[in-house]
Amino acid sequence: MTEQLRLMAVHAHPDDESSKGAATMAKYVSEGVDVLVVTCTGGERGSILNPKLQGDASIEANIHEVRRKEMDEARAILGVSQEWLGFVDSGLPEGDPLPPLPEGCFALEDLDKAAGELVRKIRAFRPQVVTTYDENGGYPHPDHIMTHKITMVAFEGSADAEKFPESEYGEAYQPQKLYYNQGFNRPRTVALHEALLERGLESPYGEWLERWKEFERAERTLTTFVPCADFFETRDRALIAHATQIDPDGGWFRVPMAVQKEVWPTEEYELAKSLVDTSLPEHDLFAGIRDNA
């Protein structure tokens, strides 16, 4: 190989990088791949989801700084680099009808303007592979959906010197592959659920599977299965570093590690765009790139 392999993971909030594709990133870091997480917002409007920290006035008053420190710790655990895109969390609107989004938030930004900030990152880092969310955002949080939108524009726009002039955004560059994170997929959930019941263990996925029946969304196409079981513990440590967002005694961690590694030792992706030849299914995000790097 004559060129460094580089992976960029575009996420909406601090903690998303640790719950979506974290073991994959840690695996690639261990192999010498340069991995950059781009975080679109600071998570300023995120709720404190860890019941042990709820009601802490100091955390509530300084949530932005707290979440930045959590991100620093998770970044160090995963071994990745991380940069902020600088937009403001939109929050998750609740109610019927839904309230309007707050003025100045990420989801209300001009699409091309917001994508331009990501173009700068892509042109500076020059990743061969970019990962992000599908058009549903993984789940319908407005920031996740906006993250998808700007990544789609930036993936094409990073090579478009007319739309994004090099004098302002840096030298044009075209990434070669774009993936959607699909780690929360039905086949994985069913496999783990059934494996736990077969072993006489309690499954945290029963309610998940019941709620799945309520959605009419079509099943996604899983194209790429990255073996990364050796890094599941690293993934969990990075997620726990986001202490305001995760309860270390909660459902995320109820599946014994040995069962996870035996039953489903991969993280899954959907290949959305590729400018190189590859054959499906893949087991490497850099399939079709390594030989030409």
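**Asking how we know**

Visitor: Why does T131 count as buried?
Guide: T131 has a relative accessibility of 3%. Buried means under 20% relative accessible area, exposed means over 50%, and partly exposed lies in between (1.4 Å probe, protein chains only). Since 3% is under 20%, T131 is buried. A quick note on the source: this is a predicted model, in which local features need pLDDT of at least 70 and side-chain atom pairs count only at pLDDT 80 or more, while totals for chains, interfaces and linings use all residues. Residues are numbered from 1 along each chain as its sequence is written, and side-chain values use heavy atoms, with hydrogens and water left out.

Visitor: Where is T131 found, and what does T131 touch?
Guide: T131 is in strand β4; strands (E, at least two residues) and helices (H or I, at least four) are DSSP runs, numbered from the N terminus. Not counting residues up to four places away in sequence, T131 touches L7, M8, A9, V10, Y179, N181, Y269 and L285. Here contact means heavy atoms within 4.5 Å.

Visitor: How do you know that β4 and β5 are paired?
Guide: Two strands pair if DSSP finds at least two bridges between them. Strand β4 (residues 129–132) has 4 bridges to β5, and the two run parallel, so they meet the rule. Across this pairing, V130 stands opposite L178 of β5.

Visitor: What makes β3 and β6 edge strands?
Guide: The open sheet has 7 strands in the order β3-β2-β1-β4-β5-β7-β6, with mixed pairing. Both β3 and β6 (224–227) have a single partner strand, so one side of each lacks a neighbour in the sheet.

Visitor: What makes a group of residues a nonpolar core?
Guide: Such a core is a set of buried Ala, Val, Leu, Ile, Met, Phe, Trp, Tyr and Cys residues joined through side-chain atoms within 4.5 Å. The largest one here has 26 residues, and those with the most contacts inside it are M8, L85, F106, L118 and I150. Elements that each supply at least two residues of this core include β1 (6–11), β2 (34–41) and α5 (111–125).
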